[in-house]
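Here is my note on the model, as numbered points. Please read it alongside the sequence and the coordinates.

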Amino acid sequence: MKEKIIKKATDMFLKLGFKSVTMDDIACEMCISKKTIYKYFSNKEKLIEEGTEVIHQKIHTLMDEVVARNYNAIEENFEMREMFKEMFQSFDHSPAYQLKKHYPEIYEKMIANEIEDCNYMFTQNVLKGIKQGLYRPETEVEIAARFYYTLIFSINENTQLESEAYKIEGKALEYHTRAIGTSEGIKELEKQLSIHLL
């Protein structure tokens, strides 16, 4: 039952907003009493906290799946972007923006986890790109990875609309790739841009 509540609540939070969904709304949607929800969660913040952890795990699993498909480094970044688009496309408002605005402490905790994951993922991507001749060998790997995830997080937490965040993220990806790409890498970037039409 706890998992069902987390799943339903998380779906509702993402679609309708963390602030606007009440415990009553969740209970009503699930045809259960509010008392049942409070049996598992002492308050709404606890439910949001556990919900964001579930989202974090889901994102992590999906990122691992994309990496396992063995794309080249540039294609991998575009596929990651597509995966996030599919995951969040039905939402009008950026979940990160809302969480930061209404529940800053939960947001800070979630971001600390995300930064750790993204730092690892982007670092691996840069190393892979250098190995494949798509990124320049003299690229300062840690700095390139940090620049990129700082850009992505900044876009997400400061852009209210999900569709607008997605568009700006696409430009950040192009900017990142052009900054470290070899001539081969730029060719691959142009190919990906024509497929994905940013």
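1. I begin with helix α4. Its buried residues pack against α1 (2–16), α2 (23–30), α3 (34–40), α5, α6 and α7. Those buried residues are Lys-44, Leu-47, Ile-48, Gly-51, Thr-52, Ile-55, His-56, Ile-59, Met-63 and Val-66. Buried stands for under 20% relative accessible area, exposed for over 50%, and partly exposed for the range in between, with a 1.4 Å probe and protein chains only. Contact stands for heavy atoms within 4.5 Å.

2. Basis of the note. This is a predicted model, in which local features need pLDDT of at least 70 and side-chain atom pairs count only at pLDDT 80 or more, while totals for chains, interfaces and linings use all residues. Residues are numbered from 1 along each chain as its sequence is written, and side-chain values use heavy atoms, with hydrogens and water left out.

3. Overall fold. The protein has 10 helices and zero strands, and along the sequence the pattern reads α-α-α-α-α-α-α-α-α-α. Helices (H or I, at least four residues) and strands (E, at least two) are DSSP runs, numbered from the N terminus. The C-alpha atoms fill a box of roughly 60 × 30 × 25 Å along the principal axes. Of the 198 residues, 47% are buried. Among contacts between residues at least 6 apart in sequence, 71% join residues at least 24 apart.

4. Length and ends of α4. The 25 residues of α4 should span 36 Å at 1.5 Å a residue, and its end C-alpha atoms are 36 Å apart, which agrees. The expected span of a helix is 1.5 Å times one less than its number of residues.

5. Helix α5. With 16 residues, α5 reaches 23 Å from its first C-alpha to its last, close to the 22 Å expected at 1.5 Å a residue. Asn-72 caps its N-terminal end through a side-chain oxygen that lies 3.0 Å from the backbone nitrogen of Ile-74. The buried residues of α5 include the charged residues Glu-76, Arg-81 and Glu-82. The buried residues of α5 pack against α1, α4, α6, α7, α9 and α10 (183–196).

6. Positive phi angles. Most residues other than glycine have a negative phi. Cys-31, in the loop between α2 and α3, has a positive phi of about 55 degrees although it is not a glycine. Cys-31 is exposed, at a relative accessible area of 71%. Asn-70, in the loop between α4 and α5, has a positive phi of about 60 degrees and is not a glycine either. Asn-70 counts as exposed at 64% relative accessibility.

7. The largest pocket. About 730 Å³ of space lies in it. A pocket is defined on a 1 Å grid over the protein atoms alone, as an open set of points where a 1.4 Å probe fits, with protein on both sides within 12 Å along at least five of seven lines; lining residues have an atom within 4 Å of a point. Grid points are joined across faces, edges and corners, and the volume is the space filled by probe spheres set on the points. The lining has 34 residues, and Phe-84, Phe-88, Ile-152, Asn-156 and Glu-169 lie nearest the centre. By class, 22 are nonpolar, six polar and six charged. At least two lining residues come from each of α4 (44–68), α5 (73–88), α6 (95–102), α7 (104–131), α8 (141–158) and α9 (162–180).

8. Individual residues to check. Glu-157 is in helix α8, and its side chain makes a polar contact with that of Lys-100 at 3.3 Å. Ala-165, in helix α9, is buried at 0% relative accessibility. Beyond its neighbours within four places in sequence, Ala-165 is in contact with Ile-155, Asn-156 and Thr-159. Asp-25 lies in helix α2 and is partly exposed, with a relative accessible area of 34%.

Notes. Polar contact = N/O pair within 3.5 Å; in protein donor to acceptor, adjacent residues only side chain to side chain.
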